[in-house]
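Biologist: I am new to this structure. Could we go through the model together, beginning with the terms?

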Amino acid sequence: DLCSIMHDWKRCLEVCNSFLIKSPENEVVSTLKLRCLDNINEDWCEVEIKSLSQFFSKCTFSITQNIPFIARILINHGNYEEGLEILYKNKEKNEVRSTYIFAILTYTQKNEDKNFLKEYEEVIDGCWVKYEINNETHFYEMSNNSDNLYKILLGHKVGDIFSINGQLVNKDYSISVLRIMDKYLYLHDEIFEEARQPSIISGLPLESHSFSSIEPQNMVQELISLFGRNGEEEKTRKETALKNYYNRTLSFSELIIQIYTNDYLGGYSNLVHEQSGIVALPLSIYQTLPQPPQGTSFVIDFSSLIILHKITKEYNIAYPNKFLISTFIVDLIKQKLRAIKNELNSEMSVDFSTDGVTKYQLPENMQQTNIAYLESLIKWIEVNCESVVSTKIIEFKRNITLEHEQDSFIDYILNTILIREDEQALLLTDDLVYAKFNMLPLQFSISSEKYVKDVLGDDHPALFEFIKSRYKGFSLSTNQLL
């Protein structure tokens with residue numbers, strides 16, 4: 001528990017291994033071990049994950065929430081058979097069915113050898129049959145050769161339409177064979193049949209919609225009627241949050257949480273390239289504060305990390321000393337890297353509003369570009385930073401109750417402040433969240449601009465990175481104005 005709170009995954013793995021020697025079939029500790037291996041994510045972990053996949057594929061789970069969690073990790077690491085089998089065996093649970101759809105999408109895009117999701121031309125023993133009778137869709141497993149329906153369907157092919165006579169009344173029933181498949185494709189199709197119902201009834205995070213016309217304009221109007229109001233509300237919410245950010249009533253972290261779903265790196269990039277830049281405290285605020293003494297350590301956060309990395313990359317700058325950085329920030333970046341490597345390929349995104357549908361074409365190589373950037377960022381941290389966790393965070397985490405989505409934010413903010421306190425360091429930040437909520441007096445912090453100018457001087461070419469990134473409040477020198 002202590003190791004997981006502090007994200008000491010290698011030590012946590014040692015504890016799990018010691019426990020599993022005596023109790024090798026413990027579900028809770030085996031799940032924690034899998035989590036450790038996923039977070040460590042080094043080459044040798046793949047063999048360990050494969051070994052665990054064999055255990056989990058035969059496991060009778062006592063904790064339902066473990067099932068989708070385990071299956072996602074196994075599938076993301078290429079253990080498709082075990083991951084899909086775990087989900088299939090527990091298919092009656094709604095949260096498992098939701099995960100199954102995304103697992104199938106991942107499998108079809110990431111795996112070239114389609115060993116699962118097989119279709120057959122003819123009904124054979126052991127397959128599943130999707131058929132229609134009286135305009136209703138049904139599924140049948142060909143597993144009971146003494147069953148009447150087994151005998152009726154055996155040997156038929158996709159597209160066959162035939163009649164059977166009722167046993168109790170003199171009436172013919174027409175059966176149409178729609179699809180013949182393995183069990184994994186059956187479950188996929190069954191879930192999509194359920195999605196024809198409203199999600200409030202099906203319990204699934206998806207609903208189907210049949211367009212009344214295939215004419216483009218009519219389809220657009222239907223999409224607006226379905227999503228336009230929600231899209232308009234979302235658009236207004238984002239515009240209000242951005243306005244408050246640029247008015248300095250909303251901090252960087254608050255903005256990231258409100259409209260960028262905790263994606264600090266993606267949010268920073270959007271602010272620089274799509275919005276009006278980054279808000280930072282002007283240099284004049286720090287002029288009344290004493291200069292930090294020689295040998296002062298600096299703690300960086302997301303807001304300073306990105307610009308410092310950019311300056312190094314563009315100008316090959318070497319900073320005087322290593323920075324301190326929260327281990328939780330490093331783990332968030334590694335998590336994002338894993339997520340991008342595992343995400344489905346996408347060619348465009350779409351926004352809806354009452355005004356219409358806006359399409360955004362995504363660059364063909366965007367995924368590889370993002371992967372290269374994150375790998376470069378992690379490498380920069382390894383060279384220029386010391387990753388740290390404050391032991392004080394254990395007491396805080398054990399005495400506060402958090403929603404899951406709040407957890408990483410608290411880790412990031414809280415541990416950053418505690419590291420600064422432990423090391424008697426200065427916090428290097430352009431995030432106003434610390435000052436806004438009185439978490440840190442101003443004299444214990446310094447802006448990225450102030451730090452870079454102290455190190456490189458007021459006219460160094462690297463300072464143009466602040467201008468290119470449109471830092472609000474940046475103080476231009478005479479040479480930069482010219």
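Modeller: Helices (H or I, at least four residues) and strands (E, at least two) are DSSP runs, numbered from the N terminus. The model is a predicted one: local features need pLDDT of at least 70, side-chain atom pairs count only at pLDDT 80 or more, and totals for chains, interfaces and linings use all residues. Residues are numbered from 1 along each chain as its sequence is written, and side-chain values use heavy atoms, with hydrogens and water left out.

Biologist: How many helices and strands are there in the protein?

Modeller: The protein has 22 helices and 13 strands. Its C-alpha trace spans about 95 × 65 × 40 Å along the principal axes.

Biologist: And what percentage of the residues is buried?

Modeller: Of the 482 residues, 44% are buried, where buried means under 20% relative accessible area, exposed over 50%, and partly exposed in between (1.4 Å probe, protein chains only).

Biologist: Let us turn to helix α7. Is threonine 99 buried or exposed?

Modeller: Threonine 99 counts as buried because its relative accessibility is 9%. This residue lies in helix α7, which covers residues 94-110. Leaving aside neighbours within four places in sequence, threonine 99 is in contact (heavy atoms within 4.5 Å) with Pro68, Arg72 and Leu87.

Biologist: What about glutamine 109, and which residues is it in contact with?

Modeller: Glutamine 109 is also found in helix α7, and it is partly exposed because its relative accessible area is 38%. Apart from neighbours within four places in sequence, glutamine 109 is in contact with Leu344 and Asn345. Asparagine 345 is 236 residues away along the chain, yet the two C-alpha atoms are separated by 7.6 Å.

Biologist: Changing topic, where is tyrosine 173 found?

Modeller: Tyrosine 173 is found in strand β4, residues 172-181. Its contacts, leaving aside neighbours within four places in sequence, include Phe162, Ile133 and Asn134.

Biologist: Finally, which residues form the nonpolar patch on the surface?

Modeller: Phe464, Ile467, Leu476 and Leu481 form that patch, with about 350 Å² of accessible area together. Accessible areas come from the Shrake-Rupley method with a 1.4 Å probe, and for residues only the protein chains shown count as cover.

Biologist: Why does phenylalanine 464 count as partly exposed?

Modeller: Phenylalanine 464 counts as partly exposed because its relative accessibility is 34%. The residue lies in helix α21, residues 464-468.

Technical notes
Patches are made of residues with over 30% relative accessible area and no salt bridge: like charges are joined within 9 Å, nonpolar side chains (Val, Leu, Ile, Met, Phe, Trp, Tyr) within 5 Å. A salt bridge is a side-chain nitrogen of Lys or Arg within 4 Å of a carboxyl oxygen of Asp or Glu.
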